[in-house]
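Visitor: Could you take one part of this molecule and walk me through it slowly? I'd like to know what sits around it and what holds on to what.

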Amino acid sequence: MNPHATQVIDVLGGTAEVARLFDVRMPSVSDWKRDGIPHARMMLLRETRKEQLGDIDLSAATAARRGRRAKPTQEVPHG
């Protein structure tokens, strides 16, 4: 799960509302909660929803490009 992406989706009104906003299916938005919000979608949100999303780490909420998952928000100790 990507807690930052989930927070963005919740602030915007939930899975159904975000699906309507971007004209995508709800399962796609549910996937964003796991993988992060696609870069192009996040670019739009940064410009149009700045005030609503001001306290959220939007970089951490953004999916990695080229189909890779977003980086974990906490470092995993190596050892």
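Guide: Let's start at Phe 22, which is buried, with a relative accessible area of 9% (buried is under 20%, exposed over 50%, partly exposed in between, using a 1.4 Å probe and protein chains only). Before we go on: this is a predicted model, where local features need pLDDT of at least 70 and side-chain atom pairs count only at pLDDT 80 or more, while totals for chains, interfaces and linings use all residues. Residues are numbered from 1 along each chain as its sequence is written, and side-chain values use heavy atoms, leaving out hydrogens and water.

Now, the ring of Phe 22. The structure has one aromatic pair (ring centres within 6.5 Å, using the six-membered ring for Trp; planes under 30 degrees apart are stacked, over 60 edge-to-face, the rest tilted). The partners are Phe 22 and Trp 32: their ring centres lie 5.8 Å apart and their planes sit at 70 degrees, so this pair is edge-to-face. Since Phe 22 belongs to helix α2 and Trp 32 to helix α3, the pair ties together parts that are ten residues apart in sequence (a helix is a DSSP run of H or I, at least four residues, numbered from the N terminus).

Trp 32 is buried too, at 8% relative accessibility. Leaving aside residues up to four places away in sequence, Trp 32 touches Ala 5, Ile 9, Val 18, Phe 22, Val 24, Ile 37, Pro 38 and Arg 41 (contact means heavy atoms within 4.5 Å). Trp 32 also turns up in the largest nonpolar core, a set of 16 residues, where Trp 32, Val 8, Val 18, Ile 37, Leu 45 and Leu 53 touch the most other members (the core joins buried Ala, Val, Leu, Ile, Met, Phe, Trp, Tyr and Cys through side-chain atoms within 4.5 Å). At least two residues of this core come from each of α1 (3-11), α2 (15-22), α3 (26-35), α4 (39-48) and α6 (58-61).

Back in helix α2, have a look at Thr 15. Thr 15 is buried, with a relative accessible area of 13%. Beyond residues up to four places away in sequence, Thr 15 is in touch with Ile 9, Met 26, Val 29, Ser 30 and Lys 33.

Then there are the charges. Side chains of opposite charge can pair when their charged atoms come close. Here you'll find three salt bridges (a side-chain nitrogen of Lys or Arg within 4 Å of a carboxyl oxygen of Asp or Glu). In one, Arg 20 pairs with Glu 17, with the closest N and O atoms 3.1 Å apart. These two are three residues apart in helix α2, about one helical turn. Arg 20 is exposed at 58% relative accessible area, whereas Glu 17 is partly exposed at 35%.

Over in helix α3, Asp 31 and Arg 34 are likewise three residues apart, about one helical turn, and form a salt bridge whose closest N and O atoms are 3.8 Å apart. Asp 31 is partly exposed at 34% relative accessible area, and Arg 34 is partly exposed at 38%. Arg 34 also bridges to Asp 35, with the closest N and O atoms 2.8 Å apart. Asp 35 counts as buried at 18% relative accessibility. Through shared partners, Asp 31, Arg 34 and Asp 35 are joined into one network of salt bridges.
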